[in-house]
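Hi,

Here is the structure I promised to pass on to you. Have a look at it first, and then read on for what turned up.

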Amino acid sequence: MILPAESNSELATMFLLDISISVLTYMAQPHLLEFRVNGKKREYTPDIEAVVPLWFVEQLLDGVPFVKTALKMAARRAVDDPLVTVVLECKNGRGNESQEYIEKLEEASDLYYRYGYYYFILDDCLSADINCDHLPSILMDESAIVDHSAIRLALQHLEQNGGFTTYAAMMEAVGGGPLGREITNYLHIKGLIWADFSSDPLMREHLTTVAMPPLLGPQRQAMARFAQ
C-alpha cells in the first residue's frame, strides 16, 4: 500500500515498519492534534502511528536504536505482551528547529503520555551501525508468486530443526539460489517465518537466524501435520 511520505527519513522508517515482525499495523499522518501553547493555538500531525507489542517500546526506552529494534528477532514473550500505540516523528537532524516548534513537540509529547500513547522522535532512523541496503530487495519479494509446496518445505525444514535455522539453510530448503532467496524473503514478509534482519543476510546468510513464529506455538502440531 502506498502511503504519503514527506521525507526520505519517513520513507526509510516505513521500510523498517514493513519488514519488522514486531509491527502489526501502521499509518502515515494518522491524526491531527489541536492544543494551546502559551495561549496560542497549535496544530500537530505526527508522521506515523504504529501498533506494536510492549517489548518493542521497552527496547526503545532502553536505548536500543530504532533500526535495530525493528529488524531484530523479537523476544518470544512479546507474543503475550499487550499491544500499545507508538507515535513517531521522523527527522533528518534537528539543528534548525525554532523554539516555537520545539515547544509544540514538547506539548504534543505530554499529551500523548497523558492519553497512554508512546511518543518517539527519530533522529535519522538509519544512523545506527547496521547496513540497510538490503531492505528494498526484501520488500520487492513480497509480490513474488510462491507455490504452496515451497511453504510446506519451509515449515518442514523448521520442524526438523527444532524451530530454528539459518537464512542460508532456509534458502537451500526451498530451492536454493535467487529463487530460494526470493521465497525466504516472501515467507518473512508474510509472517510465515521470522528472520533476524538486523545484519545484512546478503553478507551473513550463514549467521542470520530464521525461526518458526511463536504465534504458531499452540498450533505447531497441526502445522507439523500440514508439513508432512
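R42, at 15% relative accessibility, counts as buried.

Before you go further, please keep in mind that this is a predicted model. The mean pLDDT of the chain is 84, with 86% of its residues at 70 or more. In residues 215-220 the pLDDT is below 50, and this stretch has 7 contacts in the model beyond near neighbours in sequence. Where pLDDT is low, the predicted coordinates should not be read in detail.

Back to the charges: a search of the whole structure gives 4 salt bridges. One of them joins K91 and E89, with the closest N and O atoms 3.3 Å apart. K91 counts as buried at 12% relative accessibility, and E89 counts as buried at 5%. E89 and K91 also belong to a network of salt bridges with E97. Another salt bridge is formed by K190 and E142, whose closest N and O atoms are 3.9 Å apart. This pair again links distant parts of the chain, 48 residues apart: K190 lies in the loop between α8 (177-189) and β8, and E142 in the loop between α5 (135-140) and α6 (148-160). K190 is partly exposed at 43% relative accessibility, and E142 is partly exposed at 36%.

Now the rings. The whole structure holds 5 aromatic pairs. Among them are F56 and F66, whose ring centres are 5.9 Å apart and whose planes meet at 80°, so the pair is edge-to-face. F56 belongs to helix α2 (residues 54-61) and F66 to helix α3 (residues 66-71). Both F56 and F66 are buried. For Y112 and Y117 the centres are 5.8 Å apart and the planes at 50°, so that pair is tilted. Y112 is buried, with a relative accessible area of 3%, whereas Y117 is partly exposed at 32%. Ring pairs join Y112 and Y117 with Y44 and Y119 in a cluster.

Last, the sheet: 3 strands form an open, antiparallel sheet in the order β7-β9-β8. β7 (164-166) and β8 (194-195) each have a single partner strand, so one side of each has no neighbour in the sheet. β8 is joined to β9 (residues 209-211) by 2 bridges, and W194 has A211 of β9 as its bridge partner.

Best wishes

Methods:
Residues are numbered from 1 along each chain as its sequence is written. This is a predicted model: local features need pLDDT of at least 70, side-chain atom pairs count only at pLDDT 80 or more; totals for chains, interfaces and linings use all residues. Side-chain values use heavy atoms; hydrogens and water are left out. Two strands pair if DSSP finds at least two bridges between them. Helices (H or I, at least four residues) and strands (E, at least two) are DSSP runs, numbered from the N terminus. Rings of Phe, Tyr and Trp (its six-membered ring) pair if their centres lie within 6.5 Å; planes under 30 degrees apart count as stacked, over 60 as edge-to-face and the rest as tilted. Buried means under 20% relative accessible area, exposed over 50%, partly exposed in between (1.4 Å probe, protein chains only). pLDDT is the predictor's confidence in each residue, from 0 to 100. Contact means heavy atoms within 4.5 Å. A salt bridge is a side-chain nitrogen of Lys or Arg within 4 Å of a carboxyl oxygen of Asp or Glu.
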